[in-house]
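I opened a new notebook page for this structure. My plan is to look things up one at a time and write down what I find.

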Amino acid sequence: MLFHPDHRLWLLRGATSAYAIRLAEDDSVRHVHWGAVLTLDQAAELPERVSPAASSFEAEAGVDELAVEGGARFGPPSLLVRFADGTRGVEWRYTGHDIDGGHLRIHLRDRHYPLHVTLNYRMHGDGDVIERWTNVENRGDDAPVTVLRCDSAAWAAPHRPHYRMSHLVGGWNSEFQVRRTDVPVAETVLTSRRGMTSHHANPWLAVDDGTACEDHGEVWSTALAWSGSWRISLHRDPVGRTTWTGGFGHEGLSWSLAPGEALETPVFAGLYTANGFGAASRAWHAHVRAHVLAHPDETRPVLYNSWEATGFDVDEAGQLALAARAASLGVEMFVMDDGWFGGRRSERAGLGDWTPNPDGFPSGLGPLAAEVRRLGMRFGIWVEPEMVNPDSDLYRAHPDWVLHMANRDRTEMRHQLVLNLARPDAAAWTHAWLDRLVAEHAIDFLKWDANRPFTEAGWPGHEDPDRLWIEHTRSVYRIMDRLRADHPGLRIEACSGGGGRADLGILARTDQIWASDNTDPVDRIGIQHGFSQLYPAQVMSAWVTDSPNVATGRRTPLRFRFHVAMAGAPGIGGDLTTWTQEELKESAELVAAYKRIRHVVQHGEQHRLRGDGTLAGVEYVREDEHVVIAWCPTRAFGHTPAPLRLAAVRPDAVYRDLDTGATYPGALLLQSGLPLGLPPGDHASALVRLRRADQV
Ligand code: GLA
């Protein structure tokens with residue numbers, strides 16, 4: 001973090017990159033550089049990136065770090081405000097900055113109105129990630145300020161002849177599909193208007209010039225740490241500038257800042273790498289471990305989850321039967337899913353009534369929890385704290401606690417409505433029952449689900465109802481944070497109908513993410529590929545379930561299902577009471593095999609590999625240990641996949657297969673590839689453990 005007072009320029013330096021910004025004459029903060037490492041003097045010599053005014057329809061325009069309305073600015077604004085007298089926009093006055101270790105704060109105010117804004121930049125000294133966010137404050141004493149948009153940050157890529165964007169799209173059961181498309185000369189909006197991060201778009205956007213690959217090329221990659229509605233607007237203008245701005249909320253919302261009130265945005269983080277998409281992902285994974293996750297050094301357990309086995313048919317005897325089989329396979333955490341509480345015998349009723357169903361659990365959860373522990377496992381449980389079925393005692397008692405609007409329907413999805421946790425009373429009640437549940441049974445693990453988006457998101461009687469779009473999410477964060485502080489052993493899995501709530505915000509208070517309800521291993525390869533762009537393997541929950549798969553009907557071998565799940569933090573989610581003795585034996589062996597590799601998978605570096613045809617794989621590296629997992633879902637007649645070329649071995653070293661004893665020169669693994677000995681036919685897979693031979 002360096003400052004050049006003569007040039008009014010700040011330089012942020014990461015391990016392999018630099019970021020420079022400057023105060024313009026009008027006191028707006030302008031973007032100067034994001035790329036290769038520079039010295040302060042070199043950065044000071046860089047010209048500002050100004051587009052010249054070629055006609056009366058343009059003004060000379062620099063690239064704002066947080067664009068406002070005001071002056072001749074016509075791109076997507078990052079900060080939109082309206083003052084009580086109707087004046088819009090901001091004219092900046094710089095009031096100073098401070099640098100506190102790796103945290104730079106640039107303080108600005110409006111030249112006339114009492115609106116104060118701080119731009120925050122933080123780097124941690126161990127990587128290239130820049131965390132950015134914005135504070136706005138109404139320091140007036142009489143009138144509110146209306147905030148129509150308040151983004152965390154705007155980013156800019158340097159001038160290139162072409163730009164391409166990488167992002168994640170999907171839906172329920174098909175999350176995290178990577179899309180790479182040219183950036184049109186237009187404004188492109190990635191957004192969720194659902195009150196949740198969403199399955200449909202993930203708040204991650206990477207920009208390159210169209211030539212980057214997995215292992216080379218410049219990439220500017222950004223991710224928003226927010227689990228509610230969000231928007232990222234990418235703008236490529238006809239003179240070749242590409243900028244993007246992002247933050248919480250979607251279009252059409254507004255928030256009123258009362259006198260004395262302040263608003264802080266979530267973090268929008270970004271990194272630059274010259275070494276391709278793989279290096280960008282590894283830099284994100286390292287950042288998530290070092291600065292987002294609470295327990296990065298902890299190895300995620302192999303868990304069992306009852307959902308696909310039982311659906312809503314949940315009782316003590318059934319769960320005990322599953323638990324006994326799970327324990328015999330080496331499972332370490334038993335998680336009872338939906339269906340254990342209230343009148344919850346289907347999707348239609350009971351959500352909100354969080355006491356054990358008396359028919360299924362006549363003596364409460366105590367006997368099940370005790371037996372799970374006696375079997376040597378930890379005990380986890382499914383909850384959906386933000387939701388309520390209208391057919392529930394909770395809703396009958398508090399119909400006003402849900403998101404709703406006067407004179408509007410309450411649209412039900414999955415027969416449920418959303419509790420407005422922005423309400424302090426609903427939030428306090430929610431925290432209280434969760435706290436009681438966790439304390440009473442020393443619950444080790446919550447699977448925290450959220451199975452529908454917001455609709456009719458009103459808050460009758462509240463003077464600033466759009467606040468709920470921010471405050472609901474913050475309330476979820478606060479409840480999670482408080483539970484974790486009060487129950488230090490508690491671990492949480494984030495879930496929203498699968499991967500509908502995966503983002504850096506939720507990861508700061510959870511330990512893993514249920515990436516998709518789709519447990520078909522073939523579909524899962526693509527889902528996991530997308531997930532890995534930003535999130536590390538350690539947080540990716542993946543279950544092995546029954547064949548044929550409940551969603552796709554596809555039949556796959558047990559070994560293939562395990563090998564796909566072993567690329568993350570696996571669990572078992574099938575109906576173990578129907579598995580044959582051979583299947584159980586093979587599963588126990590595969591669980592044991594996973595335990596031999598998981599220190600590398602969960603704590604190592606991840607390299608995505610691409611073979612020929614449909615062969616794909618991942619290589620994990622930790623010190624001298626390498627784990628390669630490869631999958632070939634299908635192959636055409638006569639097309640046996642060629643050996644899989646590895647990415648992260650030294651050409652001058654020799655590698656030994658720890659299971660077969662075979663040795664391979666590193667140069668050969670890089671150039672010709674690792675022979676996988678795949679069995680013939682579809683759904684073939686391989687797991688190979690290698691170690692640098694001099695260490696064996
Ligand atoms: C969601 C989750 C599933 C399961 C069900 C239970 O769909 O993603 O894993 O927990 O809810 O209703």
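Where does UniProt place the feature "domain: Glycosyl hydrolase family 36 N-terminal"? The unreviewed entry puts this domain at residues 29–258. UniProt positions follow the numbering used here, feature names are shortened, and annotations may be inferred rather than shown by experiment.

**Entry 1: ground rules.** I am working with a predicted model, in which local features need pLDDT of at least 70, side-chain atom pairs count only at pLDDT 80 or more, and totals for chains, interfaces and linings use all residues. Residues are numbered from 1 along each chain as its sequence is written, and side-chain values use heavy atoms, with hydrogens and water left out.

Entry 2: I looked at the span 29–258 and found 3% helix and 44% strand. Its end C-alpha atoms lie 26 Å apart. Helices (H or I, at least four residues) and strands (E, at least two) are DSSP runs, numbered from the N terminus. The record also lists "domain: Glycosyl hydrolase family 36 C-terminal" at residues 618–690, again from an unreviewed entry. There I read 8% helix and 37% strand, with the end C-alpha atoms 13 Å apart.

**Entry 3: the ligand.** Which residues come nearest to the ligand? I noted Asp 337, Asp 338, Lys 447, Asp 449 and Asp 517, out of 13 residues around it. A residue counts as near if one of its heavy atoms lies within 4 Å of the molecule. By class, this shell has 4 nonpolar, 3 polar and 6 charged residues. Here Ala, Val, Leu, Ile, Met, Phe, Trp, Tyr, Cys and Pro count as nonpolar, Asp, Glu, Lys and Arg as charged, and the others, Gly among them, as polar.

Next I checked atom pairs. A side-chain N or O atom of Asp 338 is 2.6 Å from a ligand oxygen. For Lys 447, a polar side-chain atom lies 2.7 Å from an oxygen of the ligand. For Asp 449, the distance from a side-chain N or O atom to a ligand oxygen is 2.9 Å. The ligand taken alone exposes 300 Å², and the protein buries 97% of that. These areas come from the Shrake-Rupley method with a 1.4 Å probe.

**Entry 4: the binding-site record.** I compared with UniProt. Its unreviewed entry marks a "binding site" at several residues, including Asp 338, Lys 447, Asp 449, Asn 451 and Asp 517. I followed two of them.

Asn 451 is in the loop between β27 (445–448) and α8 (468–486). Its side chain makes a polar contact with the side chain of Asp 449 at 3.2 Å. A polar contact is a pair of N or O atoms within 3.5 Å; within protein, one must be able to donate a hydrogen and the other to accept it, and residues adjacent in sequence count only if both atoms are side-chain atoms. The Asn 451 side chain also reaches the backbone nitrogen of Gly 497 at 3.2 Å.

Is Asp 517 buried or partly exposed? I wrote down partly exposed, because its relative accessible area is 22%. Buried means under 20%, exposed over 50%, and partly exposed in between (1.4 Å probe, protein chains only). Asp 517 sits in the loop between β29 and α10. Its side chain makes a polar contact with that of Trp 514 at 2.9 Å. Leaving out residues up to four places away in sequence, Asp 517 touches several others, among them Trp 172, Glu 308 and Gly 497. Contact means heavy atoms within 4.5 Å.

**Entry 5: Asp 520.** I found Asp 520 in the loop between β29 (512–514) and α10 (521–531). Asp 520 counts as buried because its relative accessible area is 0%. Its side chain reaches the backbone nitrogen of Val 522 at 2.7 Å. Beyond neighbours within four places in sequence, Asp 520 is in contact with Asn 549, Thr 552 and Arg 554.

Entry 6: Which two residues does a cis peptide bond join? I noted Ser 547 and Pro 548, with omega about 0 degrees. Pro 548 is in the loop between β30 (540–544) and α11 (558–565). I then looked at phi. Ser 198 has a positive phi, near 100 degrees, and is not a glycine. Ser 198 is buried, at 4% relative accessibility. His 415 also has a positive phi, about 60 degrees. His 415 is partly exposed, at 26%.
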